[in-house]
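Okay, thanks everyone, I'll keep this short. Let me put the thing on the screen and then we'll walk through it.

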Amino acid sequence: MEERKCLECGEALKGRADQKFCNDLCRNAYNNKKLGKSSNYMRKINRLLKKNHIILRELNPEDKTTTFRSTLEKLGFEFDYHTHMYTTRTGRIYYFVYDQGYSELDNNKFVLVKKEDIL
């Protein structure tokens, strides 16, 4: 019978026939390496979305307000990252970061809104 070895460190395994790792540390290290690249990309995007959400929430405590593009940019807002879009019947497009939304008005001015939960 062939000796079974830990997929991470190569140490001989003792115990269950379906065992793949010698301990939790090796299991976690193996899975972190395996998922590393895609997880890092998702973590980066999630960080940007979270930052955008915080900025919108702080600028919009009353659920509807206006601000300028320069204010958003100064705070580090990333306009390319949002969770979804909503187009009104009149054609105005709102970009949302979860429940916080924004739409561009004239003269680099933005209206900030909060979408109420409908779930």
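So, of the contacts in the protein chain between residues at least 6 apart in sequence, 37% connect residues at least 24 apart. Keep in mind that this is a predicted model.

Layout next. We've got 2 helices and 5 strands in the protein chain, and going from the N terminus the order is α-β-α-β-β-β-β.

Now the overall dimensions. The radius of gyration of the protein chain is 24 Å, while a compact globule of 119 residues would sit near 14 Å. Along the principal axes, the C-alpha atoms take up a box of roughly 75 × 35 × 25 Å. Buried residues account for 24% of the 119 residues. As for the accessible surface, that's about 9,200 Å², and 50% of it belongs to carbon and sulfur atoms.

Charges, quickly: the protein chain has 23 positive and 17 negative ones, and their mean positions lie 3 Å apart.

Okay, cysteines. How many disulfides does the structure hold? The count is 0. C6 is in no disulfide, and its nearest cysteine sulfur, in C9, is 3.7 Å away. C6 has 5% relative accessibility, so that one counts as buried.

C22 counts as partly exposed, because its relative accessibility is 24%.

That's what I have, over to you.

Methods
Residues numbered from 1 in each chain as written. Predicted model: local features only at pLDDT ≥ 70, side-chain atom pairs only at ≥ 80, totals over all residues. Heavy atoms only, no water. Helix = DSSP H or I, 4+ residues; strand = E, 2+ residues; numbered from the N terminus. Rg over C-alpha atoms; globule rule 2.2 N^0.38 Å. Buried < 20%, exposed > 50% of the residue type's maximum accessible area, 1.4 Å probe, protein only. Contact = heavy atoms within 4.5 Å. Areas by Shrake-Rupley, 256 points an atom, 1.4 Å probe, with all protein chains shown as cover. Lys, Arg positive; Asp, Glu negative; His and termini not counted. Charge placed at Lys NZ, Arg CZ, Asp CG, Glu CD. Disulfide = S-S within 2.5 Å.
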